[in-house]
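Hi everyone, thanks for making the time. Let me put the structure up, and then I'll walk you through a few features of it.

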Amino acid sequence: MNFDVFTLLPDVMQAYLHASILGKAQEAGLIHVKLHNIRDFTTDRHRTTDDEPYGGGGGMVMKPEPLFAAVESALGDDMGKMPVVLLTPQGRLFDQGVARELAQHTRLALICGRYEGVDERVRCHLATDEISIGDYVLTGGELAALIIVDAVARLITGVLGDTQAVKKDSHASGLLEHPHYTRPASFRGWEVPEVLLSGDHARIAAWRREQSLQRTLHRRPDLLEHAELDEADRNILDQLLKEERNHSSR
Ligand code: 6GU
């Protein structure tokens with residue numbers, strides 16, 4: 001998987017991309033992240049990347065020329081054959097489904113906007129997709145690009161050592177994950193649930209599934225609408241809802 005990231009702040013992205021799992025994935029050649037400094041594609045003496053908006057109103061807008069030059073020179077013949085994603089709070093919302101969709105491609109371009117915005121012609125004639133990472137406003141698209149690289153990279157075969165890990169994740173199955181515990185069995189008087197120490201794998205799996213359903217029901221009931229649930233799951237949920245009704249009526 002190849003990522004081309006276009007940014008005015010390549011240095012701030014470096015450290016994260018070379019740490020831990022993403023760093024190892026790059027060393028192993030499973031992913032390649034190329035950072036392109038948009039400023040390197042300016043042609044004026046002051047290396048200007050932004051300008052005042054036509055029509056006034058203050059704030060600065062990223063100029064189209066350096067962005068077009070940067071993306072066209074980096075992508076070459078791949079232009080038109082791969083997604084060019086503009087990171088903007090006006091884009092479609094990023095989630096695990098979008099991550100899976102992007103992971104199907106072999107090459108992905110990510111354009112990080114800065115300042116108040118990006119010239120509209122970038123959106124219309126350079127980007128093929130626009131993505132937001134949530135309903136809040138950031139000072140730039142760099143964090144969004146890192147989030148997308150991270151979420152997509154970990155779906156690539158071999159990036160996570162354990163292939164099972166991807167399947168069991170929160171959101172992968174549409175449910176939140178069960179609680180995790182490690183040693184010590186007793187910490188400040190807080191005990192690890194007995195079932196996890198039992199060695200009974202069937203009981204452990206049943207407990208985890210119930211915890212996962214309970215958590216999702218309490219924290220993110222919206223996720224249950226699209227989750228993969230079997231009849232046993234539905235019975236557990238019915239039971240949990242009944243218990244809740246009893247508690248609230250008492
Ligand atoms: Cl992609 N960019 C900016 N600047 N703010 C955001 C965002 C992106 N996603 C959510 N907020």
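**Helices, a sheet and some backbone details**

Let's begin with helix α1 (residues 10–18), which lies across β1 (2–7) and β2 and runs at about 165 degrees to β2. For contact, read heavy atoms within 4.5 Å. Axes are lines fitted to C-alpha atoms, for helices over the stretch in contact, with angles from 0 to 180 degrees between N-to-C directions. Helices (H or I, at least four residues) and strands (E, at least two) are DSSP runs, numbered from the N terminus.

Before going further, a word on the source: this is a predicted model, where local features need pLDDT of at least 70 and side-chain atom pairs count only at pLDDT 80 or more, while totals for chains, interfaces and linings use all residues. Residues are numbered from 1 along each chain as its sequence is written, and side-chain values use heavy atoms, with hydrogens and water left out.

Now the sheet. Five strands form an open sheet in the order β2-β1-β6-β5-β8, with parallel pairing. At its edges stand β2 and β8 (129–132), each with a single partner strand, so one side of each has no neighbour in the sheet. On average, neighbouring strands here are turned by 35 degrees against each other, direction ignored. Two strands pair if DSSP finds at least two bridges between them. Strand β5 (residues 84–93) pairs with β8 in the parallel sense over five bridges, and L86 has E130 in β8 as its bridge partner.

Next, is helix α6 mostly buried or exposed? Nine of its twelve residues are buried, so α6 is largely enclosed by the rest of the structure. Among them are L146, I148 and V149. Buried means under 20% relative accessible area, exposed over 50%, and partly exposed in between (1.4 Å probe, protein chains only). The length of α6 (residues 142–153) also agrees with expectation: at 1.5 Å a residue it should span 16 Å, and its end C-alpha atoms are 16 Å apart. That expected span is 1.5 Å times one less than the number of residues.

R183 and P184 are joined by a cis peptide bond, with omega about 5 degrees, and P184 sits in the loop between α7 (163–168) and β9 (186–187). S20, in helix α2 (residues 20–27), has a positive phi near 50 degrees without being a glycine. R47 is not a glycine either, and its phi is positive at about 55 degrees. You'll find R47 in the loop between β2 (32–37) and β3 (50–51), and at 37% relative accessibility it counts as partly exposed.
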